[in-house]
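Student: I have a new structure to look at. Can you walk me through it?

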Amino acid sequence: MKRLPIVVTIFLMMCCLAASPALAGQRGDQFPDGGALNYGEYGRPATLDPITSNDMISLRITELIFNGLVGIDEKQEIIPELAERWEIEEDGKKYTFYLRQDVAWHPREGEDAKPFTADDVVFTYDIMMHPQTITPLKVRYEFIESVTKVDDFTVTFTLKRPILNALAKFSFKVIPRHGLQNQEFLTREDPFVQAPIGTGPYMLKNITADREVILVSNENYFKGRPHIDKYIARPFADQNIMGQALMFNAIDMIVLVNHRDIPQLQGDKRFVMQPYNALSYSFFGFNLRNPLLVDKRVRKAFTYAINRQEMLDSFFNSQGTIISGPFAPGSWAYNLDVQPVPYDPQKAEELLTEAGFTKNGDGIMEKDGRKLSLNLKVPIAKESEAVKRVVLAFKNYLQKVGVDIQPEFQEWMAWKEDIFLHHDYDLMYASWVFDDSADISSLFHSAEIGSWKNNFGAFSNPEVDGLIVEAKLTLDHEKRRTINRKLHEKIADENPYTFLWTLTNYAGYNKKLRKVAIHPYKFFSFADEWYIPKSEQR
Amino acid sequence: MRRFSQYAFEISDVSHVSFWKKAGPMDRVYIGYGLLVVLLVVISYLLGATGALPYDPQEINLELIMAPPNTGGHLLGTDFMGRDMLSRLIISIQAYFLPGLLAIGIAIVFGTCFGVFAGYWGGALETATTYVSNLLNSFPRLVLILLMVAAFKPDIYYIMIIVGVTNIPVVASLIHSKIQFLKQKNFIEAATALGLNNCTIIFKHILWHNCRSVLIIQATLGMAEAILMETSLSYLGFGVQEPTPSWGNMVQAGSNYFMQGKFWPSTAPALAILFAIMGFHLLGDGLNSMLERKGDR
């Protein structure tokens, strides 16, 4: 319903009109300019602005169009972007940013480019925090007390209280004050969300009738003109067709290759498969409102009963890491000392027996006449083969230890309501995707139990609550690390989820693309440095 | 009373020659082929019930995923969970048979009722029936099904209820026009004059003697339609859900590997769909010409 197949003209050759022959070395490096990059996305972006968008496809496009005050380089260190330098005063409560004076907004057609000033920064913050703006960013910037413009190129942020790693949070994308129709708040009705202008290396040229997003290089980009002339984001409704499009050179890059296509592409010399770590993991979540699942030994038995390594090997070509706790393994908060529990069905049965269960005549575990027969709710997506595999294998493993699992596939909205609103489920399967913060308070703090809140399983443990609050308040990075390690250990022991794995994502691209560096979460952060050798520009 | 009804029977134009003898040679082939498909359905149930399948269709073998045909005793290979294709293929027809019957039942029973109301009595009833039929016809079926799935759950029985309901107007209009045609032949008037009650006239003289071929054909086509509908829904992910096998979800799962050269997991169920649908259509076709031949004795 959401993804009716559309006719995709994959074999249409893209005519790459070489733009004006720009001088090589304009960026101060020797790499040539020119060429076009067509990349395939599975699905279409809803909006193209950095405020209202909440899907990964939009996020990748906004990364090309916009800049933040600060950026993050390939070594995960903070570098100046729109702000050329900053000062931190009053024990970390006051941040003053000195902005670059040579930055201009992308010009609208028939207009001159307007300069970027402190007004835009203040405006972006105001729009973001306006109650009528619907944005996932709001909660992340509640730590800011106020923002003031000192002069045209200086802004000061005052924080409510000093927080750790505050500087990284100023990487939010700045939007132009003159760009929006409504000057108070931003909704998806504003024309800006479909025709944004920014300061970034690429400018939106147009969106075609097939929802191809065409971006052209910004000749006046303040870091120097990006090498590749044109970026074209092409939506696909079918991952198989997208894979074929890459094979037949109709597109040059797939940002996220389906795991089942990895072996085929890896064996093909025309393509490069570049792994990048995504801060995400998959899990089975327990509903602790079900009295059968209150005992942590029962929950742990589930984790012992399944062979995660075998699933990872069989379904994902071993492209991933098994995890033991609630943090993304790429994160500094992840505790490597906590080992994932091994596959041990015997131990699982022992734990269930310890918890008072006995096997009945049908080979199903039973306690006080209640069978350990649970539903497992899973959302339907068209491309859900991996999900189906994991769910079926899970059912199979648990059957062997005497637990009956009934998978129930549901339409996406119905699933969401059952999990987040009605809490009407026993087990669920899902994945979390994190940004770079290591904040898991919304997942496991008992204050987060309720309608549409993230602690849908009603997990409540005073010790965990205490650790979460403590980690939030501390300003010392080492201390926070220690707390998070303890938190990891505690949650691994309580087992509110059966943690599965984090998968290695692969971008697959034609090897004519050079110097490709990928940001794990935002993807195109370094795309202005990618280039295509002159001979392969078509 | 018996004599009167016998008399009415005579004028309603039905001979006593066996239908099979009246069937042309091609019709016999068609019907034979169709009946073979029906027989295979019965065999599928028998094999499923006795457990005489080559493998357990639910048995997962992660060491043997997407094995090509004839590996390790798997005649048609294995699917994306290492389950035996042949066993799943055989058992799959059961995913359609009872739900398909439900769809057919709804369409035939309610369609006939509406058709008789509109055709036999006419007047205000005819107008009302036409309105209801138009109303049902104006809903796109796929949207109705997707709404049903969103509101309840993706269950094949729910889907088949919609398929049945949306087929009511088709059956109703067939019966309606047939009755209007029969009314011109005056035997209904004769039967009424002889004092037969409406019930006898409708069930015996109209439906049994003159409409059964239409209804049988609708029923066979309905089964083919049920299979096709489930297949297209499976492509969107809303058909029969795992772990229950259906040809639709097997084609869908296999299609992911088609481009990689692994054609067997989608080809085998696709062929099964082709032959089954052909069987039901030919059965309907054969029965149609056989039952319609009654005029030329």
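Student: How far apart do the C-alpha centres of domain 1 of chain A and domain 2 of chain A lie?

Tutor: They are 35 Å apart. Domain 1 covers 32–238 + 505–536 and domain 2 covers 279–503 of chain A, with bounds from an automatic or database domain assignment. This is a predicted model, where local features need pLDDT of at least 70 and side-chain atom pairs count only at pLDDT 80 or more, while totals for chains, interfaces and linings use all residues. Residues are numbered from 1 along each chain as its sequence is written, with chains lettered from A and ligands numbered from 1 in the order in which they are written.

Student: Ok, now H13(A). Which residues are buried there?

Tutor: Arg480, Ile483, Asn484, Leu487, His488, Ile491 and Ala492 of chain A. Buried means 20 or more other C-beta atoms within 10 Å of the residue's own, with C-beta atoms placed from the backbone. Helices here are DSSP runs of H or I with at least four residues, and strands are E runs of at least two, numbered from the N terminus.

Student: And what do the buried residues of H13(A) pack against?

Tutor: Helix H11 (441–444) and helix H12 (462–473) of chain A.

Student: What comes just after H13(A)?

Tutor: A:Asn495, with a positive phi of about 55°.

Student: Switching to chain B. How many helices and strands?

Tutor: Chain B has 11 helices and zero strands.

Student: How much of chain B is buried?

Tutor: 42% of its 297 residues. The C-alpha atoms of chain B fill a box of roughly 75 × 45 × 30 Å along the principal axes.

Conventions. Buried ≥ 20, exposed ≤ 12 C-beta atoms within 10 Å, placed from the backbone. Contact = placed C-beta atoms within 7 Å.
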